[in-house]
Amino acid sequence: MTENVCLAEKLRAGQSVVSAWATLPSPIFSNLFLKSGYEAITLDLQHGLLCAADARDSIREIVIGGGHAVARVRVGDFKNASWLLDLGAEAIIAPMINSAEDAKELVEFCKYPPVGARSYGAVGATMASGVSMDDYFAHANTKTLAIAMIETPEAYDTLEAILEVEGLDGIFVGPSDLSLTVSGGERVEPVAEKSLKMQKDIAKKTLRAGKIAGIYCVSKGHLQHSKAAGYQFMTFGTDSALFAGAASEAVKVLD
């Protein structure tokens, strides 16, 4: 919520944003991502190692550093979605949203009345950004994003109904889980032909509904394919994988 253009404004203007993916429990990694050139960082509280304090400190680090903080919450953990927004996160990604009812519950916790039922008092967001509480409140419903993950056959089949939910700003595809669930647990093939076709269809329907299309990208080629399909918000580059890859290369000096 700084004077800079917020993430929502960039995405609604048609800009493409590539976010880093943070799983490790330290704001140091958020700082390093920002210094490396990332403008957005997504904190993974579902599968990552971050606890509440790590998320709090990482979000503050990102906001003060001029970046966009995004948080993926745990399954059904909508109450903490409100808290993470209060800390300064600009977007909440909620996993396993399989119906319009699920999406409505997400919106309830992410949006202030009359759209939702979020409680007033974004202390962390206002302290980190320097804006007043009144100014934050006046613009929060348009400047903060509620994003539903599409990663099951149920979600794919009811996508149009999910996209019709008032206050839902967009979707985020989990390509690995989508391929896993669609195959009945037989395969994890996020870039198989069938998977890519579904991802393209999801982007098309999302954009047609006037919503933001996001996706987790598993490779550079997948990112390029996703951008061509119309995805605007793409995550690529995970701290744990990047560190492990760099460490593996560095240790080769001993060979």
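**Cysteines**

I looked up Cys 6 first, and at 4% relative accessibility it counts as buried (buried is under 20% relative accessible area, exposed over 50%, partly exposed in between, with a 1.4 Å probe and protein chains only). Bear in mind that this is a predicted model, where local features need pLDDT of at least 70, side-chain atom pairs count only at pLDDT 80 or more, and totals for chains, interfaces and linings use all residues. Residues are numbered from 1 along each chain as its sequence is written, and side-chain values use heavy atoms, with hydrogens and water left out.

Cys 110 counts as buried too, at 1% relative accessibility. I then looked for disulfides, meaning a pair of cysteine sulfur atoms within 2.5 Å, and the count came to 0. For Cys 6, the nearest cysteine sulfur belongs to Cys 110 and lies 15 Å away.

**Helix pair**

Next I took helix 2 (residues 27–36) and helix 3 (residues 52–64), which pack at about 20° with their axes 8 Å apart. Helices here are DSSP runs of H or I, at least four residues, numbered from the N terminus; axes are lines fitted to C-alpha atoms over the stretch in contact, and angles run from 0 to 180 degrees between N-to-C directions. Helix 2 and helix 3 are therefore roughly parallel (the label for angles under 35 degrees).

I also noted who touches whom, with contact meaning heavy atoms within 4.5 Å. Helix 2 brings Pro 27, Ser 30, Asn 31 and Leu 34, and helix 3 brings Asp 57, Ser 58, Glu 61 and Ile 62.

Methods:
Helix = DSSP H or I, 4+ residues; strand = E, 2+ residues; numbered from the N terminus. Parallel < 35°, antiparallel > 145°, perpendicular 65-115°, else oblique.
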